[in-house]
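Let's take a friendly look at the charged side chains of this protein. Please keep the model open as you read.

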Amino acid sequence: MHTHGVKINAGSATNAIKYICEDPQAVTGTDQKEHIIDGAKGHNLMELALGNGVNIEHACGGVCACSTCHVYIEEGMELLSESTEAEDDRVEEAPDVRRNSRLSCQCEILKPGKIVVRIPSWNRNAVKEIPH
Ligand code: FES
């Protein structure tokens, strides 16, 4: 079993979300790198992870006021809500920003399909690494 903690009831799950943890010990306390979690329209990627034992750092609690929940969307970007200007501004504060960078708390699932999310190994330390 790869889940523990509060299980979100996905209802009619239409999305299989694969979370790839570069440092699984940091976010799950285990050595399991990949976690497949069922989700559906209206769920957000950070809450789904947190509800299923993948503890993405979330210093501001999911209100787009930090950049610690930064992830890379490797597949399925088109299935998610588009980033807002506020998110774009925040994500720039994260280390190693890439074209597929998102703040996981701002990614709402809109359409069915496969989504792959990579959680960088420095996820838990991001807040301390931001200069100024
Ligand atoms: S948890 Fe702070 S922006 Fe996502």
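## A pair around Arg-90

Arg-90 is partly exposed at a relative accessible area of 27%, where partly exposed sits between buried (under 20%) and exposed (over 50%), using a 1.4 Å probe and protein chains only. Its salt bridge partner is Glu-93, with the closest N and O atoms 3.2 Å apart; here a salt bridge is a side-chain nitrogen of Lys or Arg within 4 Å of a carboxyl oxygen of Asp or Glu. Glu-93 is partly exposed too, at 34%.

This is a predicted model, in which local features need pLDDT of at least 70, side-chain atom pairs count only at pLDDT 80 or more, and totals for chains, interfaces and linings use all residues. Residues are numbered from 1 along each chain as its sequence is written, and side-chain values use heavy atoms, leaving out hydrogens and water.

The structure holds 7 salt bridges. One of them joins Glu-34 to Lys-18 at 3.6 Å, N to O. Glu-34 belongs to strand S2 (residues 34–39) and Lys-18 to strand S1 (residues 15–21), so the pair ties together parts 16 residues apart in sequence; strands are DSSP runs of E with at least two residues, numbered from the N terminus. Glu-34 is partly exposed at 41%, and Lys-18 is partly exposed at 22%.

Lys-114 and Glu-75 also meet in a salt bridge, at 3.6 Å from N to O. This pair links distant parts of the chain, with Lys-114 in strand S5 (residues 113–119) and Glu-75 in strand S3 (residues 70–75), 39 residues apart.

## A network

Glu-22, Glu-74 and Arg-118 are connected through a network of salt bridges.

Note on methods. Helix = DSSP H or I, 4+ residues; strand = E, 2+ residues; numbered from the N terminus.
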